[in-house]
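Biologist: Please take a close look at one surface spot for me. Then walk me onward from there to other parts of the chain.

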Amino acid sequence: MTKKFDLIIVGGGIMSSSVAYNLYNDGYTGKIGIFEKDRGYEYSSTPRSEGGIRQTFSTEVNIKMSQYSYKKYKTFEEDMKVDNDLAVIDFNENGYLYLLNEQSMPIFKDIIKIQKSLGVKTNLMNQLETQDFFPELNVDDLAGSVFDPEAGSADPYSVLQAYVKKSKQLGATYIYDEVETILTETSKVTGVQTVNGERYIAPIVVNAAGPWSGDLSKKIGIEIPIKPLKRQLFSIDTADKFSKEIPFTFDPTGMHFRGERSKIVVGWATEVPFGYDFKLEKSFFEEEIWPLLAARSNHFERLKLESGWTGLYDYNYVDCNAIISDHPEMEGYFIITGFSGHGFQHAPAAGKGLSELIQLGKFETIDLSPLSVERFKSNKLIMETAVF
Ligand SMILES: Cc1cc2nc3c(=O)[nH]c(=O)nc-3n(C[C@H](O)[C@H](O)[C@H](O)COP(=O)(O)OP(=O)(O)OC[C@H]3O[C@@H](n4cnc5c(N)ncnc54)[C@H](O)[C@@H]3O)c2cc1C
């Protein structure tokens with residue numbers, strides 16, 4: 001196998017594969033090598049994601065990424081087919097529903113103005129309308145809700161596999177090995193070295209290592225504000241069935257649930273220490289989440305906890321938003337990480353953007369320059385209200 005590439009990507013998750021796919025789809029003719037340490041993607045964030053796709057962000061850059069990605073997910077099965085095999089991803093458009101109390105209502109009213117100005121089809125409902133819309137809910141403490149109809153969820157593992165398959169078909173080489181470090185010479189990247197000491201040469205290296213991206217960058221002396229943050233999700237079955245498929249529903253507490261065929265997936269983003277922690281705590285469901293569910297609907301009183309899983313956010317602890325950027329102090333070093341819980345849905349736009357930055361030296365489709373790594377130095381942070 002040749003040890004020379006035109007471009008190397010560290011990490012083989014959804015971001016990496018979307019970048020490789022978009023590069024080739026945009027006409028790139030170089031050799032791309034993708035390094036993935038976890039061949040079965042057991043601990044990668046992507047397959048552990050909840051798969052939520054929504055438009056309801058509060059900043060222009062995130063809304064535009066959502067709109068682009070939503071369109072791509074609508075036609076994904078056909079666009080990403082390989083040899084006439086459709087890329088089936090189970091995209092269910094059940095919508096996103098935000099339940100609002102007196103405190104959150106004014107905040108969402110402000111966000112809706114931004115969303116509407118950019119063409120997002122958000123609907124604001126009062127308490128009675130919310131009750132009509134979702135009869136099984138207890139709405140006593142609610143002032144109303146916001147519904148995002150062009151939203152829902154898709155199967156992250158299927159999306160990842162489709163990107164990988166398509167990228168391979170277009171010419172990307174996946175190498176199932178762990179990168180020890182990125183190689184540099186006088187403020188320029190020159191390739192990567194694996195844990196076995198093998199060296200691969202390339203003038204461009206992309207850090208797409210998800211929750212591991214902060215530690216990888218530190219190895220070449222470049223700090224980026226990314227740490228692994230544990231999240232837990234649980235799958236339940238209720239004795240009393242709901243009258244329709246449940247949208248991705250956010251409680252004012254931050255606890256959320258959504259229907260997945262006959263089951264319901266629930267989670268809650270509480271504060272936990274950073275770290276590579278994959279331990280599932282059933283007591284978290286029983287003691288913290290279940291009481292919130294039961295307070296929201298009688299239908300959650302009798303339920304069976306069927307399974308659960310943990311996963312790591314590639315968490316940007318400064319402003320909770322992506323970094324899609326080159327680096328002013330390291331020629332040939334590109335970064336795509338920090339999505340903090342909204343990377344799955346933004347992968348199509350993020351990959352397209354980085355492909356443009358690498359090939360053209362600028363963003364064309366969406367201006368992703370607000371997500372540059374330089375924002376941390378200049379303190380031009382992207383303060384997104386609608387991240388959970
Ligand atoms: C529980 C949970 C729920 C989520 N829910 C949603 C949601 O509803 N909607 C949404 O949009 N997003 C959601 N996300 C976020 C989303 O999953 C991530 O932002 C996205 O998957 C990140 O993709 P990635 O390719 O950067 O990371 P990953 O999928 O983790 O890929 C990075 C890869 O790099 C590999 N790697 C790391 N270091 C090295 C190295 N040194 N050498 C070789 N390989 C390496 C890893 O093995 C990994 O496979 C959720 C995440 C979690 C954990």
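Modeller: Start with tyrosine 317, in the loop that joins strand E17 (303–316) to strand E18 (323–326). Bear in mind that this is a predicted model. Buried would need under 20%, and exposed would need over 50%.

Now go on to a buried residue. Isoleucine 335 sits in strand E19, which covers residues 333–337. Its relative accessible area is 0%, so isoleucine 335 is buried. What does isoleucine 335 touch, leaving aside its neighbours within four places in sequence? Its contacts are Asn207, Ile224, Ile323, Ile324, Ser325, His327 and Val373. Among these, Ile323, Ile324 and Ser325 fall within strand E18 (323–326). Alanine 322 gives a distance to check on your screen. Alanine 322 and isoleucine 335 are 13 residues apart along the chain, and their C-alpha atoms are separated by 9.5 Å.

Next, a pair of helices. Helix H3 spans residues 60–74, and helix H10 spans residues 343–360. The two pack at an angle of about 95°, and their axes are 8 Å apart. That angle makes H3 roughly perpendicular to H10. Which residues make the contact? From H3 come Asn62, Met65, Ser66, Tyr68, Ser69, Lys72 and Tyr73. From H10 come Phe344, Gln345, His346, Ala347, Pro348, Ala349, Ala350 and Lys352.

Asparagine 84 lies in the loop between helix H4 (76–79) and strand E4 (96–100). Its phi is positive, about 70°, although asparagine 84 is not a glycine. Buried or exposed? Asparagine 84 has a relative accessible area of 66%, so it counts as exposed. Asparagine 379 is in the segment after helix H11 (375–378). Its phi is near 60°, again a positive value in a residue other than glycine. At 56% relative accessible area, asparagine 379 is exposed.

Back to your surface spot. Asparagine 84 is exposed, and so is asparagine 379.

Technical notes:
Residues are numbered from 1 along each chain as its sequence is written. This is a predicted model: local features need pLDDT of at least 70, side-chain atom pairs count only at pLDDT 80 or more; totals for chains, interfaces and linings use all residues. Side-chain values use heavy atoms; hydrogens and water are left out. Helices (H or I, at least four residues) and strands (E, at least two) are DSSP runs, numbered from the N terminus. Axes are lines fitted to C-alpha atoms, for helices over the stretch in contact, and angles run from 0 to 180 degrees between N-to-C directions. Angles under 35 degrees count as roughly parallel, over 145 as roughly antiparallel, 65 to 115 as roughly perpendicular and the rest as oblique. Contact means heavy atoms within 4.5 Å. Buried means under 20% relative accessible area, exposed over 50%, partly exposed in between (1.4 Å probe, protein chains only).
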